[in-house]
Amino acid sequence: MILVSGQVLVGGAFFLMAFLAYMPSSTSFVVYGILLRVTEGVGWAMSNTTTFALIPVLFPSRVGTLTGLIFGALGLGYTAGPPLGSILVVAAGYSAPFWIVGGILLCLAPVTFLLLKETSTSSKVLPFQIVIKLLSHLSFSMIQIADIVGYGSLTFQGAALGVYLMNEIGLNLLEIGIYFAVIAVSYTLITVVAGWLSDKFGPRTLIITGLFICGASLMVLGLNQLPPIPPQWTILIALALVGCGAALADVPTYSDLLQQAQTLYAKENQESLIAAVSGITAFSQAFGSFLGAILGGFLTYFTEFTTASLIFGEVITMHAFLVLGVSLIDHLFLKLKS
């Protein structure tokens, strides 16, 4: 019911955005626009959190693979959305994308309701009580932060990258659009592979590898000085690697957090554990996207884009070393214990 309710809120808010063009004043446009965006955000949080909660219930042995497929679908939507929206606006006007996409989402809600069986719960333990317990463990917190910085690396560039590419490299708007698409495409392509590798070989190695790739790529983006390669190609390669690294760091985190939770609190109600970890994962996604954009804008404002990229790349690399250190300590502790 939470999943379907979230779909209705997102679809309804999106559908109603088509009518913003008919608002009588700019003030009413802004007020109703913000209210609809907030409603859409609440609905997305409901659907996203519930989706993660359903994965281990419906596919207990393929959590990583299914997570990768969901992330791949998300990346595909981000990649295809802007050009499709532009085509619809040009072909049929401002309201067309909102009516079409909002209508599709509203039609999918009853389909979801019919296809998915309701999952019963016998838990009397509130998930936030378990969240506090989980976050008190260093290894768990380190992986959650890895998820946050992984998402942050995707939104970190923001508008500052476009300005830099236009002013410093001399690219036009079409070329700049291609550079932004490279991140989304590389992220989308790697997500499914990352999910499968997570189920096959375990999530922790992939997370650490992804963080190192993200950190190194952002530092290369900041330095932008690879002698044999022209600057525009250096940036293009670095952006592609940022997308790949973010996928490797983000996709396996849910599997890792869920495994840790089930190991640490094996006697706890499993439904409460899944709900808690799902909520933490959804929060990490949203907060990481928000934090990356804010930090990117803040650092670029006070320094410049290249320096900001270098700083953020160093932060991610330092966290990769922290996760590696904590993982080695955990591994050593388990060996001594056995």
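Mentor: Let us begin with two helices: α2 and α3 cross in a right-handed manner. Please keep in mind throughout that this is a predicted model.

Trainee: Which residues make the contact of α2 with α3, and how do they divide by class?

Mentor: From α2 come T51, F52, I55 and P56, and from α3 come V63, L66, T67, I70 and F71. Seven of the residues in this contact are nonpolar, two are polar and none is charged.

Trainee: Why are α1 and α2 described as roughly antiparallel to each other?

Mentor: The axes of helix α1 (residues 2–16) and helix α2 (residues 26–58) come within 7 Å and cross at roughly 150 degrees. Because angles over 145 degrees fall in the roughly antiparallel class, α1 and α2 are given that label. The handedness is a separate matter, and α1 passes α2 in a left-handed crossing. On the α1 side the contact includes I2, L3, V10 and F14, while on the α2 side it includes L36, W44, M46 and L54. By class, this contact has 12 nonpolar, eight polar and one charged residues.

Trainee: What makes G152 and Q144 buried, given their values?

Mentor: Both are judged against the limit of under 20%. G152 has a relative accessibility of 1%, so it counts as buried; Q144 has 10%, so that residue counts as buried as well. G152 is found in helix α6 (residues 138–155), and Q144 also lies in helix α6. Setting aside neighbours within four places in sequence, G152 is in contact with G288, G292 and F312, whereas Q144, on that basis, is in contact with L135, L257, I280, F283 and S284.

Trainee: How far apart are G152 and A184 in sequence and in space?

Mentor: They are separated by 32 residues in sequence and by 14 Å in space, taken from C-alpha to C-alpha.

Trainee: What makes a set of residues a nonpolar core, and which residues have the most contacts inside the largest one?

Mentor: The residues must be buried, of a nonpolar kind, and joined through side-chain atoms within 4.5 Å. The largest such core has 61 residues, and L134, L211 and L239 have the most contacts inside it. Helix α10 (residues 231–250) gives the largest share of this core, with nine residues. Another core lies apart from it and has seven residues, among them F14, M17, A18 and L20.

Trainee: Which residues are in contact with L211, leaving aside its neighbours within four places in sequence?

Mentor: L211 is in contact with A146, V149, A249, I316, H319, A320 and V323.

Definitions and conventions
Residues numbered from 1 in each chain as written. Predicted model: local features only at pLDDT ≥ 70, side-chain atom pairs only at ≥ 80, totals over all residues. Heavy atoms only, no water. Buried < 20%, exposed > 50% of the residue type's maximum accessible area, 1.4 Å probe, protein only. Helix = DSSP H or I, 4+ residues; strand = E, 2+ residues; numbered from the N terminus. Contact = heavy atoms within 4.5 Å. Axes fitted to C-alpha atoms, helices over the stretch in contact; angles between N-to-C directions. Parallel < 35°, antiparallel > 145°, perpendicular 65-115°, else oblique. Left-handed = near helix turned anticlockwise from the far one by under 90°. Nonpolar A, V, L, I, M, F, W, Y, C, P; charged D, E, K, R; others polar.
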